[in-house]
Amino acid sequence: MYLSVIIPTLNEEYYIQATLNALLDGISDDTEYEIVVIDSGSSDKTLEYVTNRNIAFEQKPEFKGCKYKSLNYGASLAKGNVLLFLDADSFLKYGFDKEIRKVLQGDVVGGAFEYCSENQSISLRVIEALNRIRYRVDQNYFGDQGIFCTKEAFDTVRGYPEKTIMEAAFFCKKLRSIGKLKLIKLPLITSSRRFEKGGVWRVFFKDTVIWIQFLLGCDISRYARKYWKENLLVNKRQ
């Protein structure tokens with residue numbers, strides 16, 4: 001397995017070093033890999049922290065607000081036969097690559113990791129539990145779970161769809177049309193900053209409304225601009 005890890009960034013100076021450290025500490029010595037960072041116009045120290053390492057990166061400010069473009073572009077540069085799409089504020093556990101190798105057999109074309117909140121307050125643990133129920137039912141994983149797939153499967157479904165919100169869930173639907181997705185129970189710890197800054201239950205309620213409309217096949221693109229504006233403000237407050 002040659003693993004290509006694709007990380008989209010935008011003003012991630014607060015988290016990117018920890019994300020990269022966890023990735024490098026977690027990968028096995030016998031796994032061939034590369035890291036590809038696609039930055040969509042950071043104005044902080046994100047690129048400074050990335051360029052100090054042996055990592056391939058490109059700046060694409062025109063991708064701001066369109067995460068799917070960063071993910072697809074990163075995949076187009078990837079040399080690996082397996083792709084892992086990792087958020088810049090998510091932390092992998094040791095042996096994650098072995099787990100990916102283990103599940104990508106037969107008709108399994110991809111999958112994701114178990115969601116785990118960085119903040120383990122009671123309210124966020126409840127939301128963590130609800131999320132785990134949700135994606136076990138619908139198998140539509142989110143970006144903060146580290147979605148992975150074979151390069152062949154990615155090319156077959158023509159990558160992430162042109163969706164400015166919930167692009168990961170739409171991508172999972174496409175992957176499930178050609179094969180099976182597998183949940184790896186090794187947790188991927190992800191930042192809880194959206195909940196902390198926006199109010200835990202307020203953010204959860206808004207996310208739930210969007211998810212329900214997604215399931216019903218409604219047009220959720222109208223939520224995208226406000227969603228990304230709020231995320232950008234959260235990043236700048238760090």
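This is a predicted model: local features need pLDDT of at least 70, side-chain atom pairs count only at pLDDT 80 or more; totals for chains, interfaces and linings use all residues.
1. The volume of the largest cavity is about 50 Å³.

2. The lining of the largest cavity is made up of Lys67, Leu71, Phe85, Asp87, Gly143, Ile147, Tyr160, Glu167 and Ala168. Sorted by class, this lining comprises five nonpolar residues, one polar residue and three charged residues. Helices α3 and α7 (167–176) each contribute at least two residues to the lining of the largest cavity.

3. Helix α3 spans residues 67–77, and its buried residues are Lys67, Tyr68, Ser70, Leu71, Gly74 and Ala75. Viewed down the axis of α3, these buried residues fall within an arc of 160°, and therefore they line one face of the helix. As background, an α-helix has 3.6 residues a turn, so residues three or four places apart point the same way.

4. On the cysteines, the count of disulfides comes to zero. For cysteine 172, the closest cysteine sulfur belongs to cysteine 149 and lies 9.2 Å away, which is too far for a bond, given that a disulfide requires a pair of cysteine sulfur atoms within 2.5 Å. Cysteine 218 is likewise in no disulfide, since the nearest cysteine sulfur, that of cysteine 172, is 20 Å away.

5. The surroundings of these residues can be described through accessibility. Cysteine 172 is buried, with a relative accessible area of 1%, whereas cysteine 218 is partly exposed, with a relative accessible area of 36%.

Key:
Residues are numbered from 1 along each chain as its sequence is written. Side-chain values use heavy atoms; hydrogens and water are left out. Buried means under 20% relative accessible area, exposed over 50%, partly exposed in between (1.4 Å probe, protein chains only). Helices (H or I, at least four residues) and strands (E, at least two) are DSSP runs, numbered from the N terminus. The arc is that of the directions from the helix axis to the C-beta atoms. On a 1 Å grid over the protein atoms alone, a cavity is a set of points where a 1.4 Å probe fits but cannot get out, and a pocket is an open set with protein on both sides within 12 Å along at least five of seven lines; lining residues have an atom within 4 Å of a point. Grid points are joined across faces, edges and corners, and a volume is the space filled by probe spheres set on the points. Ala, Val, Leu, Ile, Met, Phe, Trp, Tyr, Cys and Pro count as nonpolar, Asp, Glu, Lys and Arg as charged, and the others, Gly among them, as polar.
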